[in-house]
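Reader: I have a structure to look at and some questions about it. Can we go through it piece by piece?

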Amino acid sequence: MNPVETLGLALGAGFSSGLNLYATVATLGLLQRFGVLHLPPGLQVLSHPWVLGISIALYLLEFLADKIPYFDTFWDAIHTFIRPPAAALLAFAAAGAAPPEWRWGAALLAGGVALTSHGTKASARAAVNASPEPFSNWILSFGEDLLAVWLTWMATVHPFATTVIVTALVALCAFLLYYLFRFARLAFQRMLAS
């Protein structure tokens, strides 16, 4: 892989893993398994039937967990310690033929991007849980899953475009996180004042 492809895959898989790790792994594995693309040697194991079976089963579990208000917040809290390290591992494996500094750079970048997308997802979902109707939670969950699968595919086919898209998404996440934390701080202050 050339540096642009490595960067695109690291950023795309990193951001997607922060949203839904299991959908990202399953998408990469299925694309490799059906010959739609050829993953770098370090990621070809994702197409193994055991890895595919486990990632699809965990995706289905996450799909259900994501639709239950408040349980999804608990699920996201646990996955704070799973998604970013897994994204870093995916990027490290994807850059297997690159020099060590590229591999570690890709891992750190993917882990940071995954933490950003995961933090934004978890914060937004916690805010949406305050809504009494379930539909906003479900719509947000479906949107996250679709974005994760689409961005994973984009990272493998159009790495430069993915780099641009993820850069814009990270900027959007920073904006959203700023306002979500500001909203939470004001709500907490109002609660203490009453």
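Reader: Where is Tyr 178 found?
Author: Tyr 178 sits in helix H7. Helices here are DSSP runs of H or I with at least four residues, and strands are runs of E with at least two, numbered from the N terminus. The model is predicted, so local features need pLDDT of at least 70 and side-chain atom pairs count only at pLDDT 80 or more, while totals for chains, interfaces and linings use all residues. Residues are numbered from 1 along each chain as its sequence is written, and side-chain values use heavy atoms, with hydrogens and water left out.

Reader: Is Tyr 178 buried or exposed?
Author: Tyr 178 is exposed, because its relative accessible area is 52%. Buried means under 20% relative accessible area, exposed means over 50%, and partly exposed is in between (1.4 Å probe, protein chains only).

Reader: New topic. Which residues touch the most other members of the largest nonpolar core?
Author: Leu 9, Leu 21, Leu 39, Leu 43, Leu 46 and Leu 90 do, in a core of 17 residues. A nonpolar core is a set of buried Ala, Val, Leu, Ile, Met, Phe, Trp, Tyr and Cys residues joined through side-chain atoms within 4.5 Å.

Reader: Which helices supply at least two residues of this core?
Author: Helix H1 (3-33) and helix H4 (83-94) each do. H1 gives the largest share, 6 residues.

Reader: And what is Leu 43 in contact with?
Author: Leaving aside neighbours within four places in sequence, Leu 43 is in contact with Leu 9, Leu 90, Ala 93 and Ala 94. Contact means heavy atoms within 4.5 Å. Another core, of 9 residues, lies apart from the largest one, and its members include Leu 11, Ala 148, Leu 151 and Cys 173.

Reader: Back to H1 and H4. At what angle do their axes cross?
Author: At roughly 130°, and the axes come within 9 Å. Axes are lines fitted to C-alpha atoms, for helices over the stretch in contact, and angles run from 0 to 180 degrees between N-to-C directions. That angle makes H1 oblique to H4. Under 35 degrees counts as roughly parallel, over 145 as roughly antiparallel, 65 to 115 as roughly perpendicular, and the rest as oblique.

Reader: Which residues make the contact?
Author: On the H1 side they include Leu 9, Gly 14, Ser 17 and Leu 21, and on the H4 side they include Arg 83, Ala 87 and Leu 90.

Reader: Ser 17 again. Is it buried or exposed?
Author: Ser 17 is buried, because its relative accessibility is 0%. Beyond its neighbours within four places in sequence, Ser 17 is in contact with Thr 24, Arg 83, Ala 87 and Leu 90. The C-alpha atoms of Ser 17 and Ser 117 are separated by 8.3 Å, although the two are 100 residues apart along the chain.

Reader: And Gly 29, where is its place?
Author: Gly 29 is in helix H1. With 0% relative accessibility, Gly 29 counts as buried. Leaving aside neighbours within four places in sequence, Gly 29 is in contact with Leu 46, Ser 47 and Leu 52.

Reader: How do H4 and H5 sit, then?
Author: The axes of H4 and helix H5 (residues 100-128) come within 7 Å and cross at roughly 150°. So H4 is roughly antiparallel to H5. Among the residues that meet there are Ala 87 and Ala 91 in H4, and Ala 107 and Ala 110 in H5.

Reader: Last one. Where does Tyr 70 lie?
Author: Tyr 70 lies in the loop between H2 and helix H3 (71-79). Its phi is near 75°, a positive value in a residue other than glycine. Tyr 70 counts as exposed, because its relative accessibility is 56%.
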